[in-house]
Amino acid sequence: MPPAVLALTAGAFGIGTTEFIIMGLLLQVAADMHVSVPIAGLLISGYALGVFVGAPVLTLATRRMPRKTVLLALMAIFTLGNAACALAPNYELLMAARVLTSLAHGTFFGVGSVVATGLVAEDKRASAIATMFIGLTVATLLGVPFGAWFGLMLGWRAAFWAVTVIGVIAFAVVAAFVPGHVGNGDKPISLAEELAVLGRPQVLLGLAMTVFGFAGLFVVFTYIQPILTRFTGFSEEAVSPILLVFGAGLAIGNVAGGKLADRGLARALIGTLAALAIVLLGLKWTPVLGPEAKLEKGRSV
């Protein structure tokens, strides 16, 4: 793959890490900001809301700009947002910084996909996009567990400073390796055509499956640290290795899911969503593993 595609992978790694890193540090953030754990969990909801609003708005607003300029602007937003998170003196400013950071998320992957496909031959386009998204997989597999461990050892702010450094590196490699002309000759799609896509039944079905299929997973993952430490008896030091196992499962599932989808897309979707629902339902009967957890189980997180 061209170095420019690998540069986009670095950006994807940083964005994926900052999205999920706070989930392994929720108790520390809540204690430092003097808020309850559910209120701290809203920092994840705020990020998601920023992605929901920022992706379509920024994509439409920047569709006539040079792709490389857009990517660099998004990485600058990402880097400054994470630095603001690390410096935030209170919960309100931390929430604002999280929302600011999230604005770069969806647009980066959208513009990055266009750039990646423009860098390779037509028969390599799918591989180019897959290579860029490897950064997101590696973020879940390694970035989030390492960030949780780093935050536990040095404080949650140190974890955000580490992601800020990743942002600086990603900005530098995008500036160095992504050519300025990629995609610039494309005729911009009109706003009416962009919005018309949302009326297609296939698009609406895909959005519905994504929203309803994985809402339950991210409700659990948001509060994974208090669930593991307060309800199942694991120590805070065990959270990072468990997140590593979770990330490995995602990586294996991506490969296995692709192979299953090749054999039958509908069966693969129904089967994986059914399996996910069974696993989430089974959490209700998760055994308590330690005596301290028995005392906590009756309390609200």
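## Helix packing and aromatic pairs

Helix α3 passes helix α5 in a right-handed crossing, a crossing being right-handed if the near helix is turned clockwise from the far one by less than a right angle, and left-handed if anticlockwise. The model is predicted, so that local features need pLDDT of at least 70 and side-chain atom pairs count only at pLDDT 80 or more, whereas totals for chains, interfaces and linings use all residues. Residues are numbered from 1 along each chain as its sequence is written, and side-chain values use heavy atoms, with hydrogens and water left out.

Helices here are DSSP runs (H or I, at least four residues), numbered from the N terminus. Helix α3 covers residues 37-61 and helix α5 residues 91-102, and the two pack at an angle of about 30° with their axes 7 Å apart; the axes are lines fitted to C-alpha atoms over the stretch in contact, and angles run from 0 to 180 degrees between N-to-C directions. The two helices α3 and α5 are therefore roughly parallel to each other, a term for angles under 35 degrees. In the contact (heavy atoms within 4.5 Å), residues of α3 including Ile39, Leu43, Tyr47 and Val51 meet residues of α5, among them Tyr91, Leu94, Met95 and Arg98. By class, the contact of α3 with α5 has eleven nonpolar, four polar and one charged residues.

The structure holds four aromatic pairs, in which ring centres of Phe, Tyr and Trp (its six-membered ring) lie within 6.5 Å, with planes under 30 degrees apart counted as stacked and over 60 as edge-to-face.

Phe146 counts as partly exposed at 47% relative accessibility, while Trp156 is buried at 4% and Phe160 is buried at 0% (buried means under 20% relative accessible area, exposed over 50%, partly exposed in between, with a 1.4 Å probe and protein chains only).

Helix α2 (residues 26-33) is mostly covered, with six of its eight residues buried, and its cover includes α3, α5, α7 and α8.

Terms used: Parallel < 35°, antiparallel > 145°, perpendicular 65-115°, else oblique. Nonpolar A, V, L, I, M, F, W, Y, C, P; charged D, E, K, R; others polar.
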